[in-house]
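Open the model in a viewer and keep the selection panel at hand.

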Amino acid sequence: MTPGTRLAAAAPHLDVEAIVIFAVMFLAVTVIGFLAVRWKRGDIHLIEEWGLAGRRFGGWVTWFLIGGDIYTAYTFIAVPALVYGKGSPGFFAVAYTIIVFPVLFVVFPRMWAVAKRRGYVTAADFVQGRFASPSLGLVIALTGIVATLPYIALQLIGLKAVLTQMGVPGDLPIILAFVVLAAYTFTSGLRAPALVAVVKDVCIYATVLVAVVYIPLHLGGFGHIFHSAGAALAKHKGAAVVPHTSAAYSSYATLALGSALALFLYPHALVGVFSARSGRVIQRNATALSAYSLVLAFVALFGFMALAVGLKLHNANLAVPALFAKVFPSWFQGFAFGAIGIGALVPAAIMSIAAANLFSRNIYKPFIRRGGISTGEESLVAKIASLVVKAAALAFVVGAPTTYAIDLQLLGGVWILQTLPAVVIGLYTRWFDRRAQIAGWAVGMGLGTWMAVSQSLSSTFPLHVGGFKFAAYAGFFALIANLVVTALGTLMASAVRILPRPDETMAADYLDLGEALRSTA
Amino acid sequence: MAHADRDADAAQVARPTGRRLYWLLALPFIGLLVPPIYAFDQPTVIGIPFFYWYQIVWLPVTALITTVVYRANRRAQEGP
């Protein structure tokens with residue numbers, strides 16, 4: 001990605017045909033968003049209804065919802081952009097979205113079960129209850145919100161990339177799209193993005209399947225694509241079609257592992273988990289979601305296709321839009337860009353709902369109102385917070401250079417990984433002391449941020465120990481430091497006999513009782 | 001400690017026979033997190049270098065593994 005390049009730099013001519021199709025798709029989705037409030041109707045004035053749609057989503061909706069969450073507009077822009085710029089390192093996204101499924105399968109039905117039994121709406125709710133520590137809950141909530149904000153901003157950047165390609169200038173269309181999105185998220189809550197996600201994915205699947213068959217035929221096969229792309233990549237610094245150095249291997253593996261562990265710590269991914277009807281729905285989805293990863297693998301290959309057609313772009317984020325503009329007729333471009341545009345709205349809505357739930361439940365309720373609020377106030381605060389979060393992301397995209405959002409999102413991944421000890425290990429044991437966890441979190445946040453910043457915001461850090469060099473994901477190093485500090489702190493706390501506070505949850509809460517309750521759904 | 005007892009009880013309840021296959025879920029980690037075993041150009045499939053199609057093949061394999069574990073798990077929970 002070229003730092004400092006504004007998307008408008010490559011503005012082509014106005015493509016009216018594509019814009020009309022794009023606009024029609026947007027309008028249809030807006031209508032769906034507002035009507036969604038009637039779907040699986042519940043009392044929308046409760047936060048469990050507004051923010052989790054009453055935990056009633058079955059296999060299909062959960063599939064679309066988590067799919068819409070993870071495979072966002074930005075993913076479809078950024079992964080091929082990385083492949084376009086660097087070659088093989090960009091493909092780590094495929095490895096990571098494969099190994100995330102065993103993690104989802106084993107760990108998150110447990111999280112679902114305890115959340116259902118105890119009425120938890122956020123990961124911070126769980127941590128607060130498990131360790132009887134509102135302060136630890138606050139730390140988890142703040143990390144979630146701060147990691148989510150740049151992610152929302154990036155969805156806007158994905159939307160901006162396709163608008164730019166169609167020749168639509170300025171920030172007004174993005175502001176308009178976000179105001180509409182904010183309005184129907186406010187009224188319909190999680191039901192809106194869940195329903196829109198279905199439309200979005202039908203369009204995305206159609207686009208990607210057409211492109212992955214048509215473009216290679218058009219370009220003379222994958223052999224030719226990789227050959228031309230290899231020649232083009234040879235001119236890029238540090239790029240390769242296949243990695244060959246030990247630093248490239250260890251960076252690739254730790255990025256894949258760290259990202260897979262981080263993914264379901266993101267508040268928006270957890271919304272998808274919590275809103276499922278049962279733990280089994282989540283386990284079945286750990287299989288079914290691999291269809292999305294296959295699409296992602298195809299999308300990553302678009303980066304090579306963009307190289308093969310000889311695109312010379314200042315802004316790598318335009319790799320896919322420019323590739324499509326080069327090979328497809330206007331009407332199909334309109335459809336494809338519409339799919340990517342809607343693909344920006346779904347995760348942006350879920351992310352803002354997730355951040356809003358955190359604010360209302362884990363900051364406003366325990367620290368501003370000191371516990372005593374009605375369910376109606378809790379839900380209203382979340383609704384208003386979802387507007388504030390979106391406005392902040394919008395202001396960021398309009399006001400700050402694109403690279404800031406990209407850099408912050410990279411740091412966001414490092415940060416969210418630091419909640420793993422409390423959120424994931426906490427599901428299995430409460431051996432870790434609550435203050436030791438806050439100390440470990442602080443060390444992990446500090447070290448990870450310093451490592452990334454010291455490498456001018458690159459995700460990997462070359463660690464030198466003696467004569468030995470080991471390059472790995474900054475978040476990975478930070479997590480190890482976090483775990484070491486947390487463990488040492490816990491040993492110290494038990495040495496001075498600081499006893500843990502009582503656990504709000506019971507062992508039975510973590511079992512797969514969802515199926516027993518299924519008959520009530 | 002009362003708390004430790006509760007955890008021990010839960011471990012017994014939570015570990016039905018279906019979990020015996022859980023080790024299968026470790027395979028994708030081994031297959032994908034050691035890049036030197038697959039960072040090659042050749043052999044290619046329809047022109048795609050080994051590095052890429054090898055990783056794509058892990059997708060259906062992982063889906064199959066989670067399906068097998070899920071089925072075994074359910075059978076064990078539902079009993080004979």
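Two residues are in contact if their C-beta atoms, placed from the backbone, lie within 7 Å. This is a predicted model, in which local features need pLDDT of at least 70 and side-chain atom pairs count only at pLDDT 80 or more, while totals for chains, interfaces and linings use all residues. Residues are numbered from 1 along each chain as its sequence is written, and chains are lettered from A and ligands numbered from 1 in the order in which they are written.

Select chains A and B. Their contact takes 37 residues from chain A and 34 from chain B. On the chain B side, α1 (2-14), α2 (27-32) and α3 (50-78) each supply at least two residues; helices are DSSP runs (H or I, at least four residues), numbered from the N terminus. The most comes from α3(B), with eleven residues. By class, this side of chain B has 23 nonpolar residues (Ala, Val, Leu, Ile, Met, Phe, Trp, Tyr, Cys and Pro), four charged (Asp, Glu, Lys and Arg) and seven polar (the others, Gly among them).

Next, select 92-118 and 290-308 of chain A, helices α5 and α14. They pack at an angle of about 175 degrees with axes 9 Å apart; axes are lines fitted to C-alpha atoms over the stretch in contact, and angles run from 0 to 180 degrees between N-to-C directions. α5(A) is therefore roughly antiparallel to α14(A) (over 145 degrees). Show A93(A), V94(A), T97(A), I98(A) and F101(A) of α5(A), which meet S290(A), S293(A), L296(A), A297(A) and A300(A) of α14(A).

Last, select α19 of chain A, residues 420-428. L420(A), P421(A), A422(A), V423(A) and G426(A) are buried there (20 or more other C-beta atoms within 10 Å of the residue's own). Their cover includes α7 (134-165) and α21 (474-495) of chain A.

How values were computed. A residue is buried if 20 or more other C-beta atoms lie within 10 Å of its own, exposed if 12 or fewer, and partly exposed in between; C-beta atoms are placed from the backbone. Angles under 35 degrees count as roughly parallel, over 145 as roughly antiparallel, 65 to 115 as roughly perpendicular and the rest as oblique.
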